[in-house]
Amino acid sequence: MIRFNATIKKYGQQGEKTGWTFVEIPESLAQQLYPGNKKSFRVKGTLDALPIVAQALIPISGGDFILPLKAELRKLLGKRMGESILLKITWDSNPDPVPMPEDFATCLEDEPTASENFKKLPRSHQHYYIRWFNSAKTEPTRVKRMAQAIIALSKGKHYGEMIRELKKESEA
């Protein structure tokens, strides 16, 4: 486990990371967590006193990593850009997977192409879909999202492609 203070930062114009809020993890500390690794990996521990599990550390140039801080996490922490945060983290060698919703599993059984394409996705990308369903506030919205996902997966689209397509359709 490593323990250190970091300052919350935010990317300006930075390609796909534009607008992300994060803390930097220097290469020397990341190597203490997962020696020899240069790819994304998951960590668990605490941010200040808030427990975290299965949070991604993402590599950036120079061997350093970042820990993205989504809005929900920042709200729970009560922290903003420029403030300091105490990290106590360790490598999460067995991050808890997001459970597959039974209703979506049933949908995939009925659509073999969508099912095969879903299984080909990295686990983290499968989780995007599942979290999207689970974040629906009403059952009709959840059902609509699952139908949209099945259509997109049948076409071989990943989550980001589907969301961009749905946004274009809504703007037209």
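Accessible areas here come from the Shrake-Rupley method with a 1.4 Å probe, and for residues only the protein chains shown count as cover.

This is a predicted model, so local features need pLDDT of at least 70 and side-chain atom pairs count only at pLDDT 80 or more, while totals for chains, interfaces and linings use all residues. Residues are numbered from 1 along each chain as its sequence is written, and side-chain values use heavy atoms, with hydrogens and water left out.

**View 1. The whole chain.** The accessible surface of the protein chain is about 10600 Å², and carbon and sulfur atoms own 51% of that. You'll find 7 helices and 7 strands (DSSP runs numbered from the N terminus: H or I of at least four residues for helices, E of at least two for strands). In sequence order they read β-β-β-α-β-β-β-α-β-α-α-α-α-α. The C-alpha trace spans about 50 × 35 × 30 Å along its principal axes. Of the 172 residues, 35% are buried (under 20% relative accessible area; exposed is over 50%, partly exposed in between, using a 1.4 Å probe and protein chains only).

**View 2. The largest pocket.** This pocket holds about 1500 Å³ of space. A pocket is an open set of points on a 1 Å grid over the protein atoms alone, where a 1.4 Å probe fits, with protein on both sides within 12 Å along at least five of seven lines; lining residues have an atom within 4 Å of a point. Grid points are joined across faces, edges and corners, and the volume is the space filled by probe spheres set on the points. Its lining has 35 residues, with R42, P68, K70, Y128 and R131 nearest the centre.

**View 3. F41 against F65.** The ring centres sit 5.4 Å apart with planes at 70°, so this pair is edge-to-face (Phe, Tyr and six-membered Trp rings pair with centres within 6.5 Å; planes under 30 degrees apart are stacked, over 60 edge-to-face, the rest tilted). F41 belongs to strand β4 and F65 to strand β6, 24 residues apart. F41 counts as buried at 5% relative accessibility, and F65 is buried too, at 2%.

**View 4. W132 against Y159.** Here the ring centres are 6.0 Å apart and the planes meet at 75°, so this pair is edge-to-face. W132 is in helix α5 and Y159 in helix α7, 27 residues apart. Both are buried.
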